[in-house]
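Dear colleague,

I am passing on the structure below, together with some notes on what turned up when I went through it. Please read them with the coordinates open beside you.

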Amino acid sequence: MVQLSVAPVLSLTLSLLTLPLGPVWALNPVAIKGTKFFDSVTQDQFFIKGVAYQPRTLDAGFTDPLSKPADCRRDFPLMKDLGLNTVRVYQVDPSLNHDECMKALEDAGIYLILDLMVSKHAIVRNNPEYDTNIWNNVRGTIDAFRGYPNTLGFFVGNEVTNDNKTTVASGYVKAMLRDTKNYIASTSQRKIPVGYANNDDPDIRLQIQSYFNCGKEEERIDFYGINLYEWCGESTTYKTSGYIERTKDIASYSIPVFLSEFGCNLVTPRTFPEVKSIFGPDMTDNWSGGVIYEWSQEDNNYGLVQVKPDNTVTLLPDYKNLKTVLSPLHPAGVKMNAFQEIRPISTCPAITSAWEPSEKLAPTPSSAACDCMMSSLSCVASDQAVATTESLGTLLNTICGMTSCDDISSNGKTGVYGKYSFCSPAQKLSYMYNAYYTNIGKKAAATCNFNGMAKLQVAAKSSDQGCSNVKDALISESKTGKPNAGDRQVKGDSFMVALVVLLSVSVLAL
């Protein structure tokens, strides 16, 4: 029988207890039941007290605010002191690490609602397309944030359709919504809700509200945001501002609704009289809170704080005024197990000259299909053409004037989508150069030039037969066994805690 000394085991246990375990996530995921948000553990109703967070003055161009730990540690305690529990972030870079900022958010008791489209990879309202560049960035963003328990949800779009001339774009957003929900269901260990943020255009706001809440379950949003700036200054009231009318609009809506942006600045400094209605009896029966626009002072003069050149912040009058009005407001709501109201989903709006998206949605983009197609081509876009990204549209217009581009085109109004309509612009250009070279140029080398924009290559496949049906593989923990950053941290901490407990029990047993 082996004699085990207590001292080494006790020493080892104490050593493990002093190891830095890293972030231990404590915030409970937020769940949806009917028209309301709830804390999934305490079952308390959850009201969003949020702020838009996208500091940009000190950085030229796009910046990812959740990849800057020093800024996060500076800002999030101030948000906590203000009484906020949510941030809305519009753009991130999924290739960067977000662990420290997400933990700083968690430490402050704050959840994240994240927009999935970025300016570089977005569905453009006036010329909408949904391609592999957009979808791959969306998938990457989901992978980067699905593992954090304080990821409350994702916005699949923000004011993409903003008038009755751009309604076709909503069909492409709905296709991306379908794919986003299916991807989360296939890859995430929990259901993360997906929503849409709409502008307040009087001509189409009711159509959009209905459109994103009708049809198949995977084509419907889980929550709805309205960017509302109708209440401006102390002279306006709940009844005169238009807020009461918007409340009537959503009175029978079947999912949670909140103000995804609010805070008119026509009167400054802002005193936020609308906050008493948003978090008081006027609105809490139908609304789930709101997101104030915005955290940092930018050129548009909506800031709560001013970021100074030395990277410190100054609290502006708007911050102090918001704290004064927000601090005493703590809507209790209802308990999840006591809330039973279920409302019917919306009826899809009729197709008219003012609402035009087809019922047939665009297909799911597949990089594998496009890569397969590319391997069958003998004439492709040259490096010079690919490098001049801004000219790809012009080059495509030129070649489409010389031969049919049906295979790469999409029409969200008629619901007709070419078999490679979701490929990248460079891949589409290659496909069309090859079509011209093969069918019109009779495979003469001189016809694969286009002023240096095309080149010959040796095709790896004899044809593209079957390529358009090739699907991308899912990239997920459930499929590959490789957790993303948030999953990895939680599991690592759990393992270390369990090990310490096990060794401690062993000591007590000796």
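In this predicted model, strands S7 and S8 pair in the parallel sense over three bridges, and Ala197 in S8 is the bridge partner of Asn158. Together with helix H5 (residues 168-187), these two strands make a right-handed β-α-β unit. On its other pairing, S8 runs parallel to strand S9 (residues 223-228) over four bridges, where Ala197 stands opposite Gly225; the chain gets from S8 to S9 through helix H6 (residues 205-211), and this β-α-β crossover is right-handed.

Strand S8 (residues 194-198) is mostly covered, with five of its five residues buried. In a regular strand the side chains alternate between the two faces of the sheet. Here both faces are covered, with Val194, Tyr196 and Asn198 buried on one side and Gly195 and Ala197 buried on the other.

Turning to the aromatic residues, the structure holds 23 aromatic pairs. One of them joins Phe155 and Phe258, whose ring centres are 6.0 Å apart and whose planes stand at 40 degrees, so the pair is tilted. Because Phe155 lies in strand S7 (residues 151-158) and Phe258 in strand S10 (residues 257-262), the pair ties together parts that are 103 residues apart in sequence.

Best wishes

Conventions. Residues are numbered from 1 along each chain as its sequence is written. This is a predicted model: local features need pLDDT of at least 70, side-chain atom pairs count only at pLDDT 80 or more; totals for chains, interfaces and linings use all residues. Side-chain values use heavy atoms; hydrogens and water are left out. Rings of Phe, Tyr and Trp (its six-membered ring) pair if their centres lie within 6.5 Å; planes under 30 degrees apart count as stacked, over 60 as edge-to-face and the rest as tilted. Buried means under 20% relative accessible area, exposed over 50%, partly exposed in between (1.4 Å probe, protein chains only). Two strands pair if DSSP finds at least two bridges between them. A crossover is right-handed if, with the strands pointing away from the viewer, the path from the first strand over the helix to the second runs clockwise.
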